[in-house]
Amino acid sequence: MVIREYTKNDELEWLRCRVLSFLDCSYYNDVLTHREIYENDSICLVAEEDGKIIGLIDAEIEKEVGSLCVAGKKVGAVIWHLAVLPEYRRNHIAASLWDEVKKQLIMKGIKYCEVWTQEDEAANYWYLAQGFYNIKEQNWLRCYARPSKADWFLNRKNVGEIYGVEEMIFEVKPSRREKISDYCYRIDEVRLYAREL
């Protein structure tokens, strides 16, 4: 396995790796058809074995405090994507990708990093094992509701005549979980993790 910089030619394999890696977690419906292009300096790496991308990590570096990171007191970075194909997990690929990003961030003078994840047990455990800590006051709920249950949420006077709503996705504070749980078919807690480098 080699860890190297992402190149434009990797886009299709990058997308494939991300989709397959997310299928067994709560991000399964977060499918991209193009890889993002970051506005700021970024570190984008892939793990490759026999010409196949088996893991990836993207971290974007903010230009000024608070432009990307929400809880840092100094200029930091945000990990936007970290994925490893299921059949390659438990081989320290994610840790190797993170170690290389961490090394490059430190070389650039960055000493703080954040990442958002959901309540998937494996991901949360992994971030904690890497020294990240959860900033609970920044957590929020991503809620999914269908129209039959969510009509209470739509103010039809403001929306006007519509043919129907297939799905509503909205965000609320974790303290509202009990109040909205009857109206939602799925609720994911989104968690912020951070660590000093």
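Me: How far apart are the end C-alpha atoms of H2?
Reply: They are 21 Å apart, which agrees with the 21 Å that its 15 residues should span at 1.5 Å a residue. That expected span is 1.5 Å times one less than the number of residues. The model is predicted: local features need pLDDT of at least 70, side-chain atom pairs count only at pLDDT 80 or more, and totals for chains, interfaces and linings use all residues. Residues are numbered from 1 along each chain as its sequence is written, and side-chain values use heavy atoms, with hydrogens and water left out.

Me: Which residues of H2 are buried?
Reply: Ile93, Ala94, Ala95, Leu97, Trp98, Val101, Lys102, Gln104 and Leu105. Buried means under 20% relative accessible area, exposed over 50%, and partly exposed in between, with a 1.4 Å probe and protein chains only.

Me: Why do residues three or four places apart in an α-helix point the same way?
Reply: An α-helix has 3.6 residues a turn, so such residues face the same way.

Me: What follows H2?
Reply: Gly109 does, with a positive phi near 85°.

Me: New topic. How many aromatic pairs are there?
Reply: The structure holds 7. One of them is Trp98 with Phe132, a tilted pair at 5.2 Å centre to centre, with 50° between the planes. Rings of Phe, Tyr and Trp (its six-membered ring) pair if their centres lie within 6.5 Å; planes under 30 degrees apart count as stacked, over 60 as edge-to-face, the rest as tilted.

Me: Where do Trp98 and Phe132 sit in the chain?
Reply: Trp98 is in helix H2, residues 93-107, and Phe132 is in the loop between helix H3 (121-129) and strand S6 (133-134). They are 34 residues apart, so the pair links distant parts of the chain. Trp98 is buried at 0% relative accessible area, and Phe132 is buried at 3%.

Me: Which aromatic pair does Tyr127 form with Phe132, in terms of type?
Reply: An edge-to-face one, 5.4 Å centre to centre and 80° between the planes. Both residues are buried. Ring pairs join Trp98, Trp126, Tyr127, Phe132 and Tyr193 into a cluster.

Me: What about strands: how many, and how many helices?
Reply: The chain has 9 strands and 6 helices. Both are DSSP runs, numbered from the N terminus: H or I of at least four residues for helices, E of at least two for strands.

Me: Is S3 largely enclosed or open?
Reply: Enclosed, largely, because 9 of the 10 residues of S3 (residues 52-61) are buried.

Me: What sits in the S2 and S3 hairpin?
Reply: There are 2 residues between the strands, and Asp50 takes a positive phi near 50°.

Me: Last one: which rings does Arg35 lie over?
Reply: Its charged end sits over the ring of Tyr6, 3.8 Å from the centre. Arg35 also lies over the face of Trp14, at 5.3 Å from the ring centre. The rule is NZ of Lys or CZ of Arg within 6 Å of the ring centre and within 35 degrees of the ring normal.

Methods: Pairing = 2+ DSSP bridges.
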